[in-house]
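Thank you all for coming; I would like to walk through a few local features of this model and then take your comments. Please have the sequence and the structure open while I talk.

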Amino acid sequence: MTARRSSQSTAARIAGSIIALGLLAGCATPPPESDPEALAEWEQVNDPLEPMNREIFAFNEFLDTYAIRPAAEGYRNVVPQFGRDRLHDALENLKSPLVFANDLLQGETDRAVQTFFRAAFNTTFGLLGFVDIATEAGIPAHEEDFGQTLAVWGIEEGPYLVLPLFGPSNPRDAFGTAVEWYGDPVDLVLLNMGYDWATWTRSGISGLDKRERLIDTLDDIKRTSLDYYASLRSLYRQHRTAEIANGRNQTRLSTTSTSGASSR
Amino acid sequence: MISRRPFLLAALGGVSLLVSPLRLAAAEAPPADPAVAFINRLADTAMQTMVGKGVPDQERASRFRTLFTTDVDLVEIGRRVLGRYWRTASPEQQQDFLRLFEDIVVLTWSTRFKDYGGDLRHAVVGFVDDGDRGLTVTSRVERDHQQPIMLQWRLKRTEGGFRVVDLIVEGSSMAVTYQSEYASVIRANGDRIDGLLNALRSKVADLQSGAAAPRN
């Protein structure tokens with residue numbers, strides 16, 4: 001996963017090690033070196049803090065079962081699909097400055113231009129972002145966050161980490177989340193204008209929106225998996241890798257009609 | 001919200017059909033790649049089975065089983081999922097595992113989109129031929145009110161055509177996810193494969209009783 005990234009920042013490595021060392025308290029014992037296959041698997045799973053993570057995961061599950069998921073269900077029942085779609089589009093539009101900044105920091109000029117024009121169209125013709133007309137016009141949305149930017153800069157993810165409330169993460173992505181929490185341009189403007197409540201309202205609705213959209217997916221994974229924790233860990237880490245690669249690491253697309261499969 | 005572009009394309013298509021049927025016939029001439037045709041057929045059948053209204057769950061599951069046993073190489077996937085434990089498992093354990101794994105996969109996927117009310121539209125967007133290492137067909141599933149889902153189907157060549165050896169959903173490989181989860185279950189049971197087999201048995205029973213019970 002990391003072989004491609006040549007520019008490995010030493011500072012980041014050291015920081016990662018310090019964080020890892022600090023967390024080493026609630027830590028699982030690695031398999032002995034006499035069992036190389038087990039050791040390889042242990043390294044691949046990348047979860048030395050599993051006992052601690054499982055505790056936090058159980059806490060999150062408790063919170064989710066009794067508060068967050070019911071709230072998301074309530075939101076789904078009270079607000080019709082049309083309203084939820086409009087709110088979602090508006091929230092996505094508010095994220096544009098952040099996505100734009102991350103596009104630039106990653107050197108993704110094409111995507112930065114896309115983000116810019118999406119925001120311009122949606123904020124004006126899209127009625128303050130409540131209608132995502134840019135997607136219909138052929139400029140699809142994409143996600144970027146500071147954790148991904150750090151990854152593009154060559155910073156390792158570090159050990160798998162379950163954060164209270166926020167769920168699956170790692171030191172790098174957790175740091176990215178914190179930076180965005182304090183550095184979101186829209187929030188900073190609102191705070192400067194004295195509308196503290198608006199930033200909290202926005203965070204609350206974002207959380208509801210996110211959880212509501214995941215109700216069916218998470219229910220299904222929970223229902224069908226033997227080890228919900230291990231399934232989510234694997235899904236999160238794979239999905240994150242794909243997100244960071246912006247689809248580039250996956251198959252290069254070739255048109256369906258041309259050559260290729262004629263080799264046999 | 002209905003996208004206008006497909007409508008426009010359809011309208012244009014309709015017009016050109018009226019104007020020059022000959023040219024359209026010529027445009028269809030380059031045959032779709034067999035791998036793409038295979039995935040289109042498989043996905044269409046799967047979607048119809050999944051979204052099909054008023055189909056009893058047992059019927060749904062049995063249709064899926066047919067689909068999985070013909071077009072999906074569950075034995076190869078199962079071996080990969082069990083990973084390093086496959087070699088240490090006894091032949092009976094291997095057979096038990098493959099049977100239970102098939103049950104889990106069928107029960108999981110046959111109900112996955114059952115309660116989904118809207119349309120699922122599947123379209124192949126590309127493919128890559130890796131020669132001896134197989135092929136990857138990339139497709140997307142569009143849903144109402146949701147971001148489209150990107151899928152990658154890993155295929156291998158067989159005598160009669162193709163078989164699916166992995167499905168990658170939004171960057172997450174199903175085989176890798178199962179492998180990681182099952183290894184975790186085996187480790188939690190003191191590295192015993194029987195621990196996994198027992199967990200699989202009770203999960204299959206759960207899913208079957210859940211499927212049999214009327215849903216609200």
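In chain B, strand E3 (residues 149–157) and strand E4 (residues 162–169) run antiparallel and are joined by seven bridges, where strands are said to pair if DSSP finds at least two bridges between them. Strands here are DSSP runs of type E with at least two residues, helices are runs of type H or I with at least four residues, and both are numbered from the N terminus. Within this pair, B:Trp153 stands opposite B:Leu167 in E4(B), and in the hairpin, which has four residues between the strands, B:Gly161 takes a positive phi near 155 degrees.

Before I go on, a word on the source: this is a predicted model, in which local features need pLDDT of at least 70 and side-chain atom pairs count only at pLDDT 80 or more, while totals for chains, interfaces and linings use all residues. Residues are numbered from 1 along each chain as its sequence is written, chains are lettered from A and ligands numbered from 1 in the order in which they are written, and side-chain values use heavy atoms, with hydrogens and water left out.

Staying with E3(B), its pairing with strand E2 (residues 135–143) of chain B is antiparallel over seven bridges, and B:Ser139 has B:Leu151 of E3(B) as its bridge partner. The hairpin of E2(B) and E3(B) has five residues between the strands, and there B:His145 takes a positive phi near 60 degrees.

Let me turn to a helix in chain A. Helix H6 (residues 109–124) has 16 residues and reaches 23 Å from its first C-alpha to its last, close to the 22 Å expected at 1.5 Å a residue, the expected span being 1.5 Å times one less than the number of residues. Which residues of H6(A) are buried? They are A:Arg111, A:Ala112, A:Thr115, A:Arg118, A:Ala119 and A:Asn122, with buried meaning under 20% relative accessible area, exposed over 50%, and partly exposed in between, for a 1.4 Å probe and protein chains only. Seen down the axis of H6(A), these buried residues fall within an arc of 125 degrees, so they line one face of the helix; the arc is that of the directions from the helix axis to the C-beta atoms. They pack against helix H4 (81–94), helix H5 (96–105) and helix H7 (133–136) of chain A, contact meaning heavy atoms within 4.5 Å. On the other side of H6(A), A:Thr109 and A:Asp110 are exposed.

In one of them, the side chains of A:Arg69 and A:Asp219 meet at 2.6 Å, N to O. Because A:Arg69 lies in helix H3 (residues 50–78) and A:Asp219 in helix H11 (residues 196–224) of chain A, this pair ties together parts that are 150 residues apart in sequence. A:Arg69 is partly exposed at 22% relative accessibility, and A:Asp219 is partly exposed at 28%.

In chain B, B:Glu59 forms a salt bridge with B:Arg63, with the closest N and O atoms 3.1 Å apart; the two are four residues apart in helix H4 (residues 57–71) of chain B, and are thus separated by about one helical turn. Back in chain A, salt bridges link A:Asp47, A:Glu50, A:Arg54, A:Asp227 and A:Arg233 in a network.

Conventions
Salt bridge = Lys/Arg side-chain N within 4 Å of Asp/Glu carboxyl O.
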